[in-house]
Amino acid sequence: MNKIAQIASYPISVIFYLLFGLMLLVFDIAQRISLFIFGYQAHKKVVDLFNGTTVLLLRLLGTRFSVKDNSTLPKNLPILLVSNHQSMWDIPPIIWFLRRFHPKFVSKKELGKGIPTISFNLKHGGSVLIDRDDREQATAQLENFGKYLMETKRSGVIFAEGTRSRDGAMKPFRPSGLTTLIENMPGAYIVPVSITNSWKLQRYGTFPIPLGVHFKLIAHPAIKIEDQPIPELIQEVETIVRNGIS
């Protein structure tokens, strides 16, 4: 980012965060009304709209989005979206551009409180909150999550590195959580997802957000879970995700 763009990123980031903060408050109220009065489908539309609007706000920063959905899956199938993780800004594009899959997230329990809109959706929208320091609790929650995805024919998103990459270099997958989900989702499908350049949106932490980042997302062809042993399946998915990062 050249010097002029870097200087300009400060006031534009301030405007972005003011608008984003207002959205968090407004959509928190909208989520509660939609879910408690009108039910799941209305709530999903509100969540989709929030994340679509977040993508639009990122465009104000000159962020470009290139999305390739090669998954070729019909609706109403249980799916695991297995992705690399580069920043908190991975999540809105996944929810918005892959909204036909009804994505739900494996998230750390700390995000389940204190954040308008985000916390409410994680607690009430079908996602799962795990305690990364309590292996027994995490395993039980993931088992229930896998069964929920099978029953509802929705998709679960897991960032299989376990933590985000701060420089774009993908970390090795941590297989335990992914293995638990796979064991509880026989006959479901895995869609490997590769994300590129999201880390650049947090190059300087949360502020400022750099201008002109080219965010890339690829949803690769689906793999049926029953087709091979779990360790080989996880290795194949990891290779596909890694090779899709440019």
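The protein chain has seven helices and eight strands. Helices here are DSSP runs of H or I with at least four residues, strands are runs of E with at least two, and both are numbered from the N terminus. This is a predicted model, in which local features need pLDDT of at least 70 and side-chain atom pairs count only at pLDDT 80 or more, while totals for chains, interfaces and linings use all residues. Residues are numbered from 1 along each chain as its sequence is written, and side-chain values use heavy atoms, with hydrogens and water left out.

First, the overall form. Along its principal axes the C-alpha trace spans about 55 × 45 × 35 Å. The radius of gyration, taken over C-alpha atoms and compared with a globule rule of 2.2 Å times the number of residues to the power 0.38, is 18 Å for this chain, which agrees with the value near 18 Å for a compact globule of 246 residues. Of the 246 residues, 50% count as buried. Buried means under 20% relative accessible area, exposed means over 50%, and partly exposed is in between, with a 1.4 Å probe and protein chains only. A contact means heavy atoms within 4.5 Å. Among contacts with a separation of 6 or more, 74% are between residues 24 or more positions apart.

Next, the inside. In soluble globular proteins, nonpolar side chains tend to be buried together. A nonpolar core is a set of buried Ala, Val, Leu, Ile, Met, Phe, Trp, Tyr and Cys residues joined through side-chain atoms within 4.5 Å. Which members of the largest core touch the most other members? They are F16, L81 and I94, out of 35 residues. At least two residues each come from α1 (3-38), α2 (40-60), β2, α3 (91-97), β5, β6 and β7 (214-219). The most come from α2, which gives six. A second, separate core has 25 residues, including L178, A188, I234 and V237.

Now helix α6, residues 175-183. Its buried residues are G177, L178, T179, T180, L181 and I182. Their cover includes β2 (79-83), β3 (103-108), α5 (135-152), β5 (155-159), β6 (189-196) and α7 (230-243). How do α6 and α7 meet? Their axes come within 11 Å and cross at roughly 120°. Axes are lines fitted to C-alpha atoms, for helices over the stretch in contact, and angles run from 0 to 180 degrees between N-to-C directions. On the α6 side, P175, L178, T179, I182 and E183 take part, and they meet I230, L233 and I234 in α7. The residues of this contact divide into six nonpolar, one polar and one charged. Here Ala, Val, Leu, Ile, Met, Phe, Trp, Tyr, Cys and Pro count as nonpolar, Asp, Glu, Lys and Arg as charged, and the others, Gly among them, as polar.

Last, some backbone details. Most residues other than glycine have a negative phi, and most peptide bonds are trans. F207 and P208 are joined by a cis peptide bond, with omega about -5°, and P208 is in the loop between β6 and β7. T72, not a glycine, has a positive phi of about 50°. T72 sits in the loop between β1 (64-69) and β2. T117 also has a positive phi, near 70°, and lies in the loop between β3 and α4 (118-124). Are these two threonines buried or exposed? T72 counts as exposed because its relative accessibility is 70%, whereas T117 is buried because its relative accessible area is 3%.
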